[in-house]
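I opened this notebook to keep track of what I looked up, taking one part of the chain at a time.

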Amino acid sequence: MVELATIERRLTHRVMVGDVAIGGGAPVVVQSMTNTDTANVNSTTDQIIELARAGSEIVRVTVNNEASARAVPLIRERLDLLGWKTPLVGDFHYNGHRLLAEVSELGPALAKLRINPGNVGFGDKRDRQFEAMIEAALLCGRPVRIGVNWGSLDQEMASRLMDLNAQSPSPRPAEFVLREALVRSALENAAQAECIGLPADRIVISAKVSRVQDMIAVYRALAQRSNYALHLGLTEAGMGIKGVAATTAALGFLLQDGIGDTIRASLTPVPNESRTNEVLLCQQILQSLGIRAFLPQVTACPGCGRTTSTFFQELADKIQTFLRDKMPNWKEQYPGVEKLNVAVMGCIVNGPGESRHADIGISLPGTGENPTAPVFIDGEKAMTLRGSRIAEEFEAIIEDYIAR
Ligand code: SF4
């Protein structure tokens, strides 16, 4: 017998980001980041709401100058007024220590601070500035993500390891050393934060790279060497299918291994593309792996030469849209319904079989002007729909099924 692949989640410290738990067995959290100018309170608030409405449970915003630092408390206030509790994370580089000191309302308005150890400063200043940021987090009782990044790796750390490697009798390739530098940078900075007084259950770690195999290797090492909660993300994943495929491959592999407590998909949107796609992708990755269920799952075949019209694609699209629009919070709308699988299939080759596996399935053996479509409910053929109102009638069947 073929056993079901099970996922044993790695046990990490539980970190509270506002009301959202990351790690310690909590559901894997979906998060995202705005790309508006944070200083623009209106557009940033709007985008945070758009992301939250799509399912982002935490939203990160850039805090890069005094104007954005002063805008964050106003954004928080506006979100609270509108009833959005979504925790905000401040993304700091270079000047976070100064902004947190100068704008006293900034720290309390944030639910977490993201510090990039490669962009905190150099030499003597570096430790002082890092300490200042950790102290700011301690002062307002906030957790910190130590977020190292391939593109802004701590150069002192990288040089040190490169020198050691060069002196070794059997030097390793440079890429290996840089991956090690990334891991050590994350862990040493987390340890430094703990020495300053930040407890391990207020530390999340990430080590983002842009290549899938590097990411898998780096996060495996982090998981082996620590119990910190891990934020997964493939940085600069890219545009379109490339970004989706690379993100899915990297995150999927690690999540299947039980690694990862919160995820973000760093997709590059094409102009005018909704930022929410990164949220939907994270949800779909988790749902496809059976880790979480966000929406009723629609299974549809790709179609082939047997589908002589576009009717079945249109039906699949209609059903997907119907489920998304009608049941945005289906678990709250229908307590007790843990998952729902709907199959929309193009013909009798795989249609009846796939439909029987789903909770509700429809198979279209006939297309064209007079389509007929057998409907399967809980594995049994329940009825056959005919004519031009198949989509509407199938939607009504789904609604009725869930209501029951
Ligand atoms: Fe083609 Fe039928 Fe398979 Fe769909 S189910 S891909 S229409 S053979």
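This is a predicted model: local features need pLDDT of at least 70, side-chain atom pairs count only at pLDDT 80 or more; totals for chains, interfaces and linings use all residues.

Is N119 buried or exposed? Its relative accessibility is 11%, and because buried means under 20%, N119 counts as buried. I then looked up its partners: the side chain of N119 makes a polar contact of 2.9 Å with the side chain of H93, and, leaving aside residues up to four places away in sequence, N119 touches H93, Y94 and S152.

Next I turned to strand β8, residues 203-208, where 6 of the 6 residues are buried. I checked each face in turn, and both are covered, with I203, I205 and A207 buried on one side and V204, S206 and K208 buried on the other. In a regular strand the side chains alternate between the two faces of the sheet.

Which strands pair with β8? Strand β7 (residues 144-149) pairs with β8 in the parallel sense over 6 bridges, and N149 stands opposite K208. Strand β9 (residues 229-232) also runs parallel to β8, joined by 2 bridges, with I205 opposite L230.

Last, I listed the residues around the ligand, among them C301, P302, R306 and N350. I sorted the shell into 5 nonpolar, 4 polar and 1 charged.

Definitions and conventions: Residues are numbered from 1 along each chain as its sequence is written. Side-chain values use heavy atoms; hydrogens and water are left out. A residue is near a molecule or strand if one of its heavy atoms lies within 4 Å of it. Ala, Val, Leu, Ile, Met, Phe, Trp, Tyr, Cys and Pro count as nonpolar, Asp, Glu, Lys and Arg as charged, and the others, Gly among them, as polar. Buried means under 20% relative accessible area, exposed over 50%, partly exposed in between (1.4 Å probe, protein chains only). A polar contact is a pair of N or O atoms within 3.5 Å; within protein, one must be able to donate a hydrogen and the other to accept it, and residues adjacent in sequence count only if both atoms are side-chain atoms. Contact means heavy atoms within 4.5 Å. Helices (H or I, at least four residues) and strands (E, at least two) are DSSP runs, numbered from the N terminus. Two strands pair if DSSP finds at least two bridges between them.
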